[in-house]
Amino acid sequence: MPTGALRNELVNGLVSALAQYAPSEAAAHAASLPPDVLQSNTVDAVIDNWARSDPGGVAGWVAQFGAGEMRDAALKNVAEQWARVNPAQAAEWLTALPADPGRDGAFSAYTQALAWAITGNEKYA
């Protein structure tokens with residue numbers, strides 16, 4: 001399959017759909033991609049879908065990521081999604097994370113998700 005925007009959209013869409021029914025398989029596929037924009041987008045799609053049914057499971061997957069931008073972005077995404085499903089459990093998870101910039105970003109995403117849920121104001125979305 002050729003590289004490019006069409007390929008990226010196709011792979012991302014397929015992995016996103018797979019994540020709804022078989023999140024661990026979708027996660028394995030996302031992890032197997034080369035570290036680039038496609039992998040980043042695919043990881044986001046997996047988190048978005050997996051967090052709806054098993055936020056703790058997706059948090060465990062993200063915890064395996066090495067330090068860096070992808071981990072930090074993934075932590076933020078998990079915190080945001082989990083805050084919408086179960087804010088109390090999300091808060092427990094956040095406080096257990098090691099103190100680092102990834103956790104700081106995750107706390108920010110968590111509080112923004114809560115603010116949006118409380119106010120309905122899209123500026124917090």
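Me: At the start of α3, which residue has a side-chain oxygen reaching towards the backbone nitrogen of L38?

Reply: You're looking at a predicted model, where local features need pLDDT of at least 70, side-chain atom pairs count only at pLDDT 80 or more, and totals for chains, interfaces and linings use all residues. Residues are numbered from 1 along each chain as its sequence is written, and side-chain values use heavy atoms, leaving out hydrogens and water. A polar contact is a pair of N or O atoms within 3.5 Å; within protein, one must be able to donate a hydrogen and the other to accept it, and residues adjacent in sequence count only if both atoms are side-chain atoms. Here the oxygen comes to within 3.1 Å of the backbone nitrogen of L38, and it belongs to D36.

Me: What distance separates the end C-alpha atoms of helix α3?

Reply: The expected span of a helix is 1.5 Å times one less than its number of residues. Helix α3 covers residues 37-53, which is 17 residues, so it should span 24 Å. The model agrees with that, as the end C-alpha atoms are apart by 25 Å.

Me: Which helices do the buried residues of α3 pack against?

Reply: Buried means under 20% relative accessible area, exposed means over 50%, and partly exposed is in between (1.4 Å probe, protein chains only). The buried residues of α3 include L38, V46, W50 and A51. Contact means heavy atoms within 4.5 Å. The packing partners of these buried residues are α1 (5-21), α2 (23-32), α4 (55-63) and α5 (69-85).

Me: Which residues does N77 contact, leaving aside its neighbours within four places in sequence?

Reply: N77 sits in helix α5. With a relative accessible area of 9%, N77 counts as buried. Its contacts beyond those sequence neighbours are D44, I47 and D48.

Me: How many helices does the protein have?

Reply: Helices (H or I, at least four residues) and strands (E, at least two) are DSSP runs, numbered from the N terminus. The elements of the protein run α-α-α-α-α-α-α from that end. There are zero strands, and the number of helices is seven.

Me: What is the radius of gyration of the protein?

Reply: The radius of gyration is taken over C-alpha atoms, and the globule rule is 2.2 Å times the number of residues to the power 0.38. For 125 residues the rule gives 14 Å, and the protein comes close to that, so it is as compact as a globular protein of that length. Its radius of gyration is 14 Å.

Me: Which residues are linked in a network of salt bridges?

Reply: A salt bridge is a side-chain nitrogen of Lys or Arg within 4 Å of a carboxyl oxygen of Asp or Glu. R71 forms one with D72, the closest N and O atoms being 3.6 Å apart, and another with D100, at 3.1 Å. The network is made up of R71, D72 and D100.

Me: Which residue forms a salt bridge with R84?

Reply: R84 is partly exposed, at 41% relative accessibility. An α-helix has 3.6 residues a turn, so residues three or four places apart point the same way. The closest N and O atoms are 2.8 Å apart, and the partner is E80.

Me: Which side chain of opposite charge is nearest to R103?

Reply: R103 is found in helix α7 (residues 101-119), and its side chain has a polar atom 3.4 Å from the backbone oxygen of L97. For charge, Lys and Arg count as positive and Asp and Glu as negative, while His and the chain ends are not counted. R103 is buried yet has no salt bridge. The nearest side chain of opposite charge is 4.5 Å away, and that is D104.
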